[in-house]
Amino acid sequence: MTDYTILGGGAIGGTLGFHLARAGHRVRIVDADPDHVAAINTDGLQVDRDGTRAAVPVTATLPTDTQPAPADRVLLATKAQATPAAADWLAEHLAEEGFVVSVQNGLNEPLLAERLGDQRVVGCFVNIFADTIAPGVIRDGGTGALVVGEVDGRASTRVDEVVADLQAWGPARATGNVNGFLWSKLGFGAMLVATALADAPMAELIDRHRPLMHALAAEIYAVATRLPGPDGAPLRLEAFDAYDPIPYLRGGSEADRATDTLVAWLRTQTKDRSGIWRDLAVRKRPTEVPSHYREVFRIAESLGVPTPLSRRLVDQIAELEAGGSMSTDRIDRLEESAR
């Protein structure tokens, strides 16, 4: 069995930590929420799935607590805006030969590599539908996609070992093109961010506002396809779950058929609203949207690719974070600008 430190024990980190611990791996949760840490230490790490709740004993600590030993394998599951602080913690607590796997949304691997060194960072793409519903309690919406790979595309033993361990959760797999998955998620993620502008199910809003959703994905992919992949050719966007990014580059009827498939799949999910919506409507806290797309905009500017629609979307999220009200009018106005 392997020792895993999970930095950020919320929706993603808590879900993976639960399944690793239940499979017999030694798991330590490091989380900044004192109530979450206390609940885990008292009642175990609990996961609620399909109305059934189970718990596993897991040690949890605050980042400021004295840690028992250097961490050899870390799953980093904090929100993207917490990555700089997480990198500082890792610089102090990561073992000399240890490494961190960024099981986050967004493009966090370059920042981690700059702080820790390329050789200590492994890339990862996740599409897990889960929420923290109470201190120490995660609602698991079911398996999605989880793909692990070296950022430079090479095969490695450590990637194979992490993937094998994560089979305790579900269908984890290795890839030589992790950036292709991360950029695909950014286009899909832009659609999900747009659905957070209103209080309605994701599937319903994506279906109803197809011109906007298609335009957002196409704008992100116009940036991605200008980047090199691990083989030096243009970056290849990767499909996952029921989502295929390529039709959104082509538009028209191909994009509509891809959206038919996506919407039908989303309607089968128990989680019908995004984590961004939950941060705004339930937890009343800043989202990770600006952190996700700040790097996209920086790269787009360096390549001379315009991203006006995505920028308007991020501005709309900022208005909601400042106290604005969710409304379908926000989506309508954004869609009109897309037209």
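## The sheet

Two strands pair if DSSP finds at least two bridges between them. Strands (E, at least two residues) and helices (H or I, at least four) are DSSP runs, numbered from the N terminus. In this predicted model, local features need pLDDT of at least 70, side-chain atom pairs count only at pLDDT 80 or more, and totals for chains, interfaces and linings use all residues. Residues are numbered from 1 along each chain as its sequence is written, and side-chain values use heavy atoms, with hydrogens and water left out.

Now look for the open sheet: eight strands with mixed pairing, in the order β5-β2-β1-β6-β7-β8-β11-β12. Because β5 (59-61) and β12 (172-174) stand at the edges with a single partner strand each, one side of each has no neighbour in the sheet. Strand β11 (residues 145-149) pairs with β12 in the parallel sense over three bridges, and Val-147 stands opposite Arg-173 in β12.

Helix α3 (residues 83-93) packs on the sheet, where it touches β1 (3-7), β2 (26-30), β6 (71-76) and β7 (94-102). Its direction makes about 150 degrees with that of β7 (axes are lines fitted to C-alpha atoms, for helices over the stretch in contact, and angles run from 0 to 180 degrees between N-to-C directions).

## The nonpolar cores

A nonpolar core is a set of buried Ala, Val, Leu, Ile, Met, Phe, Trp, Tyr and Cys residues joined through side-chain atoms within 4.5 Å. Buried means under 20% relative accessible area, exposed over 50%, and partly exposed in between (1.4 Å probe, protein chains only).

The largest core has 61 residues, of which Trp-183, Tyr-243, Tyr-248 and Tyr-293 touch the most other members. Helix α6 (residues 178-195) gives the most to this core, with ten residues. Leaving aside neighbours within four places in sequence, Trp-183 is in contact (heavy atoms within 4.5 Å) with residues including Leu-107, Tyr-221, Leu-237 and Ile-299. A second, separate core of 35 residues includes Val-58, Phe-99, Val-122 and Val-148.

## A buried arginine

Which helix holds Arg-158? Arg-158 lies in α5 (residues 157-166). This arginine counts as buried because its relative accessibility is 16%. Beyond its neighbours within four places in sequence, Arg-158 is in contact with Phe-99, Gln-119, Arg-120, Val-121, Val-122 and Glu-150. The C-alpha atoms of Arg-158 and Leu-75 are separated by 13 Å, although the two residues are 83 residues apart along the chain.
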